[in-house]
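Subject: Structure for you to look at

Hello,

Here is the structure I said I would pass on. Please open it first, then read the notes below it.

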Amino acid sequence: MVDLLGTMRRLRAPDGCPWDREQTHETLRPYLLEEAAEAADAITAGNLPELAGELGDVLLQVAFHSVIAEEAGHFTYADVERGIVEKLERRHPHVFGDVQVSGSDEVASNWQAIKAQERGGRDRTLTERIPSALGALAREAQAQRLLQRERPGGAPQAAGQGDVGAVREALRDADGEAGVARLLSAVVAFARAQGVDPELALRAHTARTLQAAEANP
């Protein structure tokens with residue numbers, strides 16, 4: 001990591017690379033999303049050598065943002081590293097402290113309680129709990145899970161069903177943007193009911209479609 005940070009500082013130096021010097025947190029945002037997605041693709045493909053390279057690209061983004069922040073006096077990579085280590089230790093008192101847990105369910109419950117304590121007891125809003133940069137299908141799936149857990153019986157209809165009937169009903173009214181959105185929500189609920197991650201399923205389908213097109217130009 002020391003070498004990587006040194007390389008990034010050299011690229012950002014006055015006599016470094018013009019492109020790297022022009023970048024900001026905002027301009028790098030698409031690359032951060034892209035590199036994370038490509039790492040996920042390597043995992044899906046089971047290609048571990050490729051995964052090693054893609055994780056390097058993700059780490060590059062961490063270094064890039066850290067050096068930009070360092071230049072502006074906002075934070076350094078050491079702050080990033082220290083913060084995540086402290087967070088992991090704080091949120092695993094059953095490993096680094098004397099808390100006893102009965103299993104993973106209690107670990108998850110404690111994790112949420114500790115996160116609330118870190119915010120001074122303030123609960124995050126529903127919107128704050130789901131990153132807006134997630135793919136639309138992944139974000140809808142997370143929203144449905146959250147609503148079903150936090151507001152049982154009060155979640156939107158599509159989020160509470162997940163059967164073929166709900167998809168067919170939404171299909172009948174799939175007119176215009178709002179109608180298509182309801183249909184997609186119903187399909188996400190259906191996928192979840194089948195134990196399928198809709199985001200990963202569609203990504204895999206798209207990859208197969210592109211591969212088939214490349215094989216038969």
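How many salt bridges does the count come to? The count comes to seven salt bridges. Please keep in mind that this is a predicted model.

Salt bridges around Glu118

Arg90 forms a salt bridge with Glu118, and their closest N and O atoms are 2.6 Å apart. Arg90 lies in helix α5 and Glu118 in helix α7 (residues 104–118), so this pair ties together parts that are 28 residues apart in sequence. The side chains of Arg91 and Glu118 also meet in a salt bridge, at 2.6 Å from N to O. That pair links distant parts of the chain, 27 residues apart, with Arg91 in the loop between α5 and α6 (93–96). Arg90, Arg91 and Glu118 are therefore linked in a network of salt bridges, given that a side-chain nitrogen of Arg within 4 Å of a carboxyl oxygen of Glu counts as one.

Are these three residues buried or exposed, or in between? Arg91 has a relative accessible area of 9%, so this residue counts as buried. Arg90 is partly exposed at 40%, and Glu118 is partly exposed at 32%.

Helix α5

Asp79 forms a salt bridge with Arg82, with the closest N and O atoms 3.0 Å apart. Both residues lie in α5, three residues apart, which is about one turn of the helix. An α-helix has 3.6 residues a turn, so residues three or four places apart point the same way. Asp79 is partly exposed, with a relative accessible area of 35%, and Arg82 is partly exposed at 43%.

Together with Ile84 and Val85, Leu88 forms a nonpolar patch on the surface, with about 230 Å² of accessible area for the three together. Leu88 has a relative accessible area of 39% and is partly exposed.

Helix α4

Helix α4 covers residues 48–72, which is 25 residues. At 1.5 Å a residue α4 should span 36 Å, and its end C-alpha atoms are 36 Å apart, so the two values agree.

At the N-terminal end, Asn47 caps α4: a side-chain oxygen of Asn47 lies 3.0 Å from the backbone nitrogen of Glu50. After α4 comes Gly73, which has a positive phi, near 75°.

Several residues of α4 are buried, among them Leu51, Phe64, Val67 and Ile68. What covers the buried residues of α4 includes α1 (2–12), α2 (18–22), α3 (25–45) and α5 (77–90).

Regards

How values were computed
Residues are numbered from 1 along each chain as its sequence is written. This is a predicted model: local features need pLDDT of at least 70, side-chain atom pairs count only at pLDDT 80 or more; totals for chains, interfaces and linings use all residues. Side-chain values use heavy atoms; hydrogens and water are left out. Helices (H or I, at least four residues) and strands (E, at least two) are DSSP runs, numbered from the N terminus. The expected span of a helix is 1.5 Å times one less than its number of residues. Buried means under 20% relative accessible area, exposed over 50%, partly exposed in between (1.4 Å probe, protein chains only). Contact means heavy atoms within 4.5 Å. A polar contact is a pair of N or O atoms within 3.5 Å; within protein, one must be able to donate a hydrogen and the other to accept it, and residues adjacent in sequence count only if both atoms are side-chain atoms. Patches are made of residues with over 30% relative accessible area and no salt bridge: like charges are joined within 9 Å, nonpolar side chains (Val, Leu, Ile, Met, Phe, Trp, Tyr) within 5 Å. Accessible areas come from the Shrake-Rupley method with a 1.4 Å probe; for residues, only the protein chains shown count as cover.
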